[in-house]
Amino acid sequence: MNSYRARFILPLTLIVFIVLACLGALLGPLFKEFYFERMGDRIEKETGVIAYNVEQTGMENTAELEELVRTLAAELDVRITLLDSEKRVVAESAESPSQDQDYSGRPEIEEAVNEGAGSEIRMSNTLGEELLYYATELQNNGETIGYLRLGLTLGEMNRVYRSIWIFLLVSFSIAFLIIFALTSKLTNQMIAPIEEATRVAKQLAQGNFKARTFEGEANETGHLNRSLNVLAENLGQITKTYQMQQEHLETLIENMGSGLLLINAKGDITLVNRSCKDLFQEDTDLWLHKLYYKAIGHKTVIRLVQEIFLTEKGKRRHLELPIGIEMRHFDVYGAPIIGSNEKLRGIVLVFHDITELKKLEQARKDFVANVSHELKTPVTSLKGFTETLLAGAMEDPALREKFLTIISKESDRLESLIHDLLELSKIEGSHFLLNWQEVDLHEMIEDVKMMLQEQADKKKIDLKTKVMGNPKIEGDPHRLKQVILNLVNNAISYTPEEGNVTMRVREQAETVLLEVEDTGIGITKKELPRVFERFYRVDRARSRNSGGTGLGLAIVKHLSEAHKARLDVTSEVNKGTTFKVTFYKKRVEEKKDM
């Protein structure tokens with residue numbers, strides 16, 4: 001803005017200076033000419049007066065003329081020269097008259113001879129300075145009797161001329177300074193609002209929408225600043241709204257459960273949300289600004305992207321991708337991004353992880369198949385042995401007793417299976433409630449040992465208990481005993497003869513740890529995640545022969561979750577398995593959404 005002020009003030013100052021200089025250049029000669037005319041009038045009038053006195057005195061009285069000339073020259077402060085008709089000096093105020101001195105060659109004398117009067121400005125050899133000469137012809141009765149010349153020194157006129165120039169210079173300088181000061185003040189008054197508006201405009205350009213300018217008077221600049229303030233306020237509101245929308249969008253994109261990829265028309269990945277890192281289990285931030293086929297390591301995804309680029313149509317695929325050590329299932333939807341000019345600007349990919357849904361679907365299928373299989377076996381046995389009895393075997397006492405014994409066992413097994421199914425359904429129900437009481441796990445494991453001691457003795461299994469501290473917790477005693485019974489019964493079932501099964505409870509700071517350890521066949525790492533599934537069996541033949549339903553560990557899992565307990569299992573094949581359940585001493589209240 002300083003340059004703008006300079007561009008405004010300097011030309012205006014230069015114009016004022018030129019105008020004043022031109023005015024001075026005109027006024028100076030004008031004053032000089034005016035003063036010169038005044039001096040000409042003066043010398044002409046004075047010449048007339050002197051000529052009249054000379055005519056009255058007469059050209060013959062030389063002494064009187066000499067005295068008259070000197071007296072008048074002193075009074076009028078001029079040089080007077082009186083010549084006769086032959087142009088010889090009769091009287092001279094500057095020096096003694098010399099009759100031999102010839103003034104006929106003087107320009108003013110020649111002009112007076114020819115025209116009756118003449119004037120000239122030139123240097124006087126007698127006085128050594130510049131004079132204004134005026135000469136006139138003296139006549140008597142129409143005859144020329146002589147010539148009268150007056151010389152007026154120009155020193156006074158030059159002094160006046162210099163004074164005039166000094167006056168003009170001083171007055172014009174003062175006027176120039178006054179005009180410059182007024183111009184600067186007016187310029188500041190005019191430019192200051194513009195400077196302020198420019199400052200605010202720069203602040204707005206830099207993103208500071210809180211900047212405001214002084215509106216001032218209700219003139220053009222005031223209207224400009226007022227409009228600028230309104231613009232700043234509107235930009236602030238728009239920016240604030242945009243930032244809020246941007247933050248909401250970023251929050252939505254980053255926290256959505258599905259993975260999101262944005263690829264521009266050149267094939268560069270421009271956006272990857274946080275869920276992609278969890279889904280693909282790698283640092284997807286490194287994918288940014290890279291070509292998709294170099295960043296993404298899954299060929300099926302690359303082929304889907306290429307297909308969308310070629311067809312410019314949305315595609316949906318169910319992809320199975322190797323993520324880490326497992327295969328995960330994704331429902332992938334890709335769509336092209338079409339601009340307003342109908343040109344492809346890029347594509348967007350959304351990855352929905354449906355692995356858990358696939359697992360649930362598979363678990364449902366397995367559950368239906370297992371239930372059908374588990375129910376089919378005892379029902380088939382019941383039907384077969386019943387038909388055999390009806391066909392005549394019941395007449396044989398030995399066969400009748402054998403078949404009825406098998407029918408009884410299969411009926412018990414079927415009843416147990418149905419009971420466990422109903423129990424598991426009840427536990428998983430939304431209205432399932434626990435009967436919370438204070439429970440001593442020491443007493444409980446002793447009761448379980450007493451209940452299962454006979455079963456353990458049949459296989460010569462050493463059933464032991466170990467207690468550390470005061471293992472009292474809050475829980476449902478019936479359900480807790482059910483958990484311990486299922487774990488210990490499962491351990492006995494999968495432990496070979498002369499093995500060991502140990503129940504341990506240990507008090508900790510805020511929890512009580514229950515451990516059931518056996519020396520059984522163990523579980524492979526591949527099977528560990530599935531041991532709590534319904535009807536899943538590590539060794540199906542042994543489990544079925546032991547009379548198990550395959551639902552015990554599923555019941556243990558759900559009852560542990562109902563008590564907010566943490567359930568863990570560690571195992572080594574052919575060495576044994578340890579189930580650990582960590583209970584809180586005090587009841588953990590479930591947080592409800594307000």
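Entry 1: the five-stranded sheet. I take two strands as paired if DSSP finds at least two bridges between them. The model I examined is predicted. With that criterion I looked up the strand order and found an open sheet of five strands, S2-S1-S5-S4-S3, with antiparallel pairing. I noted that strand S2 (89-92) and strand S3 (117-123) stand at the edges; each has a single partner strand, so one side of each is left without a neighbour in the sheet. From one strand to the next, I recorded an average twist of 20°.

I then checked the pairing of strand S1 (residues 79-84) with S2, which is antiparallel and runs over three bridges. Within this pair, Thr81 has Glu92 in S2 as its bridge partner. Helix H2 (residues 62-76) packs on the sheet and touches S1 and S2, its direction making about 40° with that of S2. I also located helix H3 (residues 107-115), which lies across S1, S3, strand S4 (130-140) and strand S5 (143-153) and runs at about 170° to S3.

Entry 2: strands S11 and S13. I found strand S11 (residues 437-440) and S13 paired in the antiparallel sense over four bridges. Asp440 stands opposite Lys472 in S13.

Entry 3: nonpolar cores. I looked up the largest nonpolar core, which has 36 residues; Leu441, Ile484, Leu487, Val488, Met503 and Phe583 touch the most other members. At least two residues of this core come from each of helix H11 (441-458), helix H12 (477-493), strand S14 (500-507), strand S15 (511-518), helix H14 (552-562) and strand S17 (576-584). H12 supplies the largest share, seven residues. I listed the contacts of Leu441, leaving aside residues up to four places away in sequence: Pro471, Ile473, Leu480, Val505, Val512 and Phe583. I also found a second, separate core of 26 residues, which includes Leu261, Cys276, Leu304 and Leu321.

Entry 4: cysteines. How many disulfides does the model contain? I searched for cysteine sulfur atoms within 2.5 Å of each other, and the count came to zero. Cys22 is partly exposed, with a relative accessible area of 43%. Cys276 is buried, at a relative accessible area of 0%, and I had already noted Cys276 in the second core.

How values were computed:
Residues numbered from 1 in each chain as written. Predicted model: local features only at pLDDT ≥ 70, side-chain atom pairs only at ≥ 80, totals over all residues. Heavy atoms only, no water. Axes fitted to C-alpha atoms, helices over the stretch in contact; angles between N-to-C directions. Contact = heavy atoms within 4.5 Å. Buried < 20%, exposed > 50% of the residue type's maximum accessible area, 1.4 Å probe, protein only. Core = buried A, V, L, I, M, F, W, Y, C linked by side-chain atoms within 4.5 Å.
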